[in-house]
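My notes follow the order in which I checked things.

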Amino acid sequence: MNVEEEVGRLKEEIKRLGKLQTDGSYKVTFGTLFNDDQCANIFEALVGTLRAAKRRKVLTYDGELLLQGVHDNVEITLNPTPAAAAADD
């Protein structure tokens, strides 16, 4: 998989595991993603995929590098798609 494909799969997994917010975004904790068997099978380097998605402004989270255990409760927010954001207007 290339980076764009991985970021696309990450978005799907965040939607599957996360909670939909009123603004159309989804929130999930790093620990939930990291400890999910399906995510473990998809992503060889979850942290690298998260960083790539953050650089592309697909999602946001506090900090630069997330580590298992230490950052399990860090909330990752998948930004709403333009269509979802427009629906709120």
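These entries go from the whole chain down to single residues.

**Entry 1: overall fold.** I note at the outset that this is a predicted model. I looked up the secondary structure and found five helices and four strands in the protein chain. Read from the N terminus, the order is α-β-β-α-α-α-β-β-α. I then checked the radius of gyration, which is 13 Å. The globule rule gives 12 Å for 89 residues, so the chain is as compact as a globular protein of that length. I also took the extent of the C-alpha trace along its principal axes: about 40 × 30 × 25 Å.

**Entry 2: burial and contact range.** How much of the chain is buried? I get 34% of the 89 residues. For contact range I took contacts between residues at least 6 apart in sequence. Of these, 52% join residues at least 24 apart.

**Entry 3: the core.** I went to the largest nonpolar core next and found 21 residues in it. Leu 10, Ile 14, Leu 33, Leu 50, Leu 59 and Ile 76 have the most contacts inside this core. Which elements supply at least two residues each? I list helix 1, strand 2 (26-29), helix 2 (30-35), helix 3 (37-42), helix 4 and strand 4 (75-78). Helix 4 gives the most, with four residues.

**Entry 4: helix 1 against helix 4.** How do helix 1 (residues 3-17) and helix 4 (residues 46-55) pack? I read an angle of about 95°, with the axes 9 Å apart. Angles of 65 to 115 degrees count as roughly perpendicular, and the two helices are therefore roughly perpendicular to each other. On the helix 1 side, the contact is made by Val 3, Glu 6, Val 7 and Leu 10. Helix 4 brings Leu 46, Thr 49, Leu 50, Ala 52 and Ala 53. I sorted the residues of this contact by type: seven are nonpolar, one is polar and one is charged. Leu 10 and Leu 50 both belong to this helix contact, and both are on the list of core residues with the most contacts.

**Entry 5: Ile 42.** Is Ile 42 buried or exposed? Its relative accessibility is 14%. Buried means under 20%, so Ile 42 counts as buried. I also checked Ile 42 against Gln 68, 26 residues apart along the chain. Their C-alpha atoms are separated by 17 Å.

Conventions: Residues are numbered from 1 along each chain as its sequence is written. This is a predicted model: local features need pLDDT of at least 70, side-chain atom pairs count only at pLDDT 80 or more; totals for chains, interfaces and linings use all residues. Side-chain values use heavy atoms; hydrogens and water are left out. Axes are lines fitted to C-alpha atoms, for helices over the stretch in contact, and angles run from 0 to 180 degrees between N-to-C directions. Angles under 35 degrees count as roughly parallel, over 145 as roughly antiparallel, 65 to 115 as roughly perpendicular and the rest as oblique. Contact means heavy atoms within 4.5 Å. Ala, Val, Leu, Ile, Met, Phe, Trp, Tyr, Cys and Pro count as nonpolar, Asp, Glu, Lys and Arg as charged, and the others, Gly among them, as polar. A nonpolar core is a set of buried Ala, Val, Leu, Ile, Met, Phe, Trp, Tyr and Cys residues joined through side-chain atoms within 4.5 Å. Buried means under 20% relative accessible area, exposed over 50%, partly exposed in between (1.4 Å probe, protein chains only). The radius of gyration is taken over C-alpha atoms; the globule rule is 2.2 Å times the number of residues to the power 0.38.
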